[in-house]
Amino acid sequence: MSGRFSEAAMTAAMRGIASALGVPADDAQLLRLTNNAVFALPRAGIVIRIARTHQLQDRVRKVVQLARWFAKIDAPTIRLARDVEQPIEVGDLVASVWQYVPPQPPTLTVEDLGTVLREFHALGAPSFPLPIWDPVGDARRRLADADGLSKPDRDFLVDWCDRLEPHVTTLIDRGTQTLIHGDAHAGNLLRETFGRIVLCDFDATCIGPWQVDLAAVAVGEARFGGSGRHRSLATAYGFDVTSDPLWPLLRQARELKMVAAAVPLLTTSAAVAAEFANRLNSLQEDSHANPWRPFADLVGPQPDRKS
């Protein structure tokens, strides 16, 4: 990833969007700088999310369509900003604009996540088509947008994709499919002013096995350390995904996502590159000796996040 996706470039794009919307940006806060640059503009009451890789820009259009449907059915999800035609294009970048939900106590937990996920999974699928869960395809697209990936690391990831792909295909062909969030963890929860807890960040939302949404916390606990989070989620949701026959496949798919997520960012952050190397090494050696660190914690001021 080159300077066209740098923090300075993203900040300039955010200011251009704010200017086009006629809202102030002097209080803009950078919330996240991973595959999206996410800025809160509290005075304007909005959040601007800008895709930082051209390979994922189609997701912005999908997310906007999903958000409109969520609003119609009153889903437990964040809402798009009112009276803004979306998605927004600024130069060769694509962005979406959301209502700002200021942080408020108490801290959101995996118990909250389990409750919201039960409601989310019960929504059914929309009438318009959504992508099918495709962790291998997502990883391959990120590999295609990688400038700083060494040949041995690329070969390892490509081989991993090749091994995993037929198993994922079989699962999709034979399994029960439903609406899934695709990146379900407590960091993607918000508490609205009147107390309702909602999901945000629908880049990975698709149709697939509902168990996918329970795997993120279980794998995160195994890789980031700590204890009790997976058990709490399983209790709140009413199902322990690690007891499912699909668990070994779901774990591998989640770990592939957690490694591939850094690929487009390797040339932008030495800390991300070092953590990427740590994750690859632990997978190659089948070791849990060195806990992983969330990429989002390494690239700027971020909310607590496990991905």
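Select Glu275 and Arg279 to start: both are buried, where buried means under 20% relative accessible area, exposed over 50% and partly exposed in between (1.4 Å probe, protein chains only). The model is predicted, so local features need pLDDT of at least 70 and side-chain atom pairs count only at pLDDT 80 or more, while totals for chains, interfaces and linings use all residues. Residues are numbered from 1 along each chain as its sequence is written, and side-chain values use heavy atoms, with hydrogens and water left out.

**Stop 1: helix α9**

Keep Glu275 and Arg279 selected. Their side chains meet in a salt bridge (2.9 Å, N to O); the term means a side-chain nitrogen of Lys or Arg within 4 Å of a carboxyl oxygen of Asp or Glu. Both residues lie in helix α9, four residues apart, about one turn of the helix. An α-helix has 3.6 residues a turn, so residues three or four places apart point the same way.

Now select all of α9 (270-284). Helices (H or I, at least four residues) and strands (E, at least two) are DSSP runs, numbered from the N terminus. α9 has 15 residues and reaches 21 Å from its first C-alpha to its last, close to the 21 Å expected at 1.5 Å a residue; the expected span is 1.5 Å times one less than the number of residues. Its buried residues include Val272, Phe276, Leu280 and Leu283. Among the elements that cover the buried residues of α9 are α5 (151-174), α6 (212-224) and α8 (247-260).

Go to the N-terminal end of α9 and select Ser269. Ser269 caps that end, with a side-chain oxygen 3.3 Å from the backbone nitrogen of Ala271. Asp286 counts as exposed, at 65% relative accessibility.

**Stop 2: helix α8**

Select α8 next. This helix has 14 residues and spans 20 Å from its first C-alpha to its last, close to the 20 Å expected at 1.5 Å a residue. Because 10 of the 14 residues of α8 are buried, the helix is largely enclosed by the rest of the structure. Trp247, Leu250, Leu256 and Met258 are among the buried ones. The buried residues of α8 pack against α4 (135-144), α5, α6 and α9, with contact meaning heavy atoms within 4.5 Å.

**Stop 3**

Select Glu89 and Arg61, whose closest N and O atoms are 3.5 Å apart. Glu89 lies in strand β4 and Arg61 in helix α2, so the pair ties together parts that are 28 residues apart in sequence. Glu89 counts as exposed, at 56% relative accessibility, and Arg61 as partly exposed, at 34%.

Move to Glu165 and Arg140, joined by a salt bridge (3.0 Å, N to O). Glu165 is in helix α5 and Arg140 in helix α4, so this pair ties together parts that are 25 residues apart in sequence.

**Stop 4: backbone details**

Select Asp74, in the loop between α2 and β4. Its phi is near 55 degrees, a positive value in a residue other than glycine. Asp74 counts as partly exposed, at 45% relative accessibility.

Where are the cis peptide bonds to look at? One runs from Gln86 to Pro87, with omega near -5 degrees. Pro87 is found in the loop between α2 (57-73) and β4 (88-90). Another runs from Pro105 to Pro106, with omega near -5 degrees, and Pro106 lies in the loop between β5 (93-99) and α3 (110-121).

Key. Polar contact = N/O pair within 3.5 Å; in protein donor to acceptor, adjacent residues only side chain to side chain.
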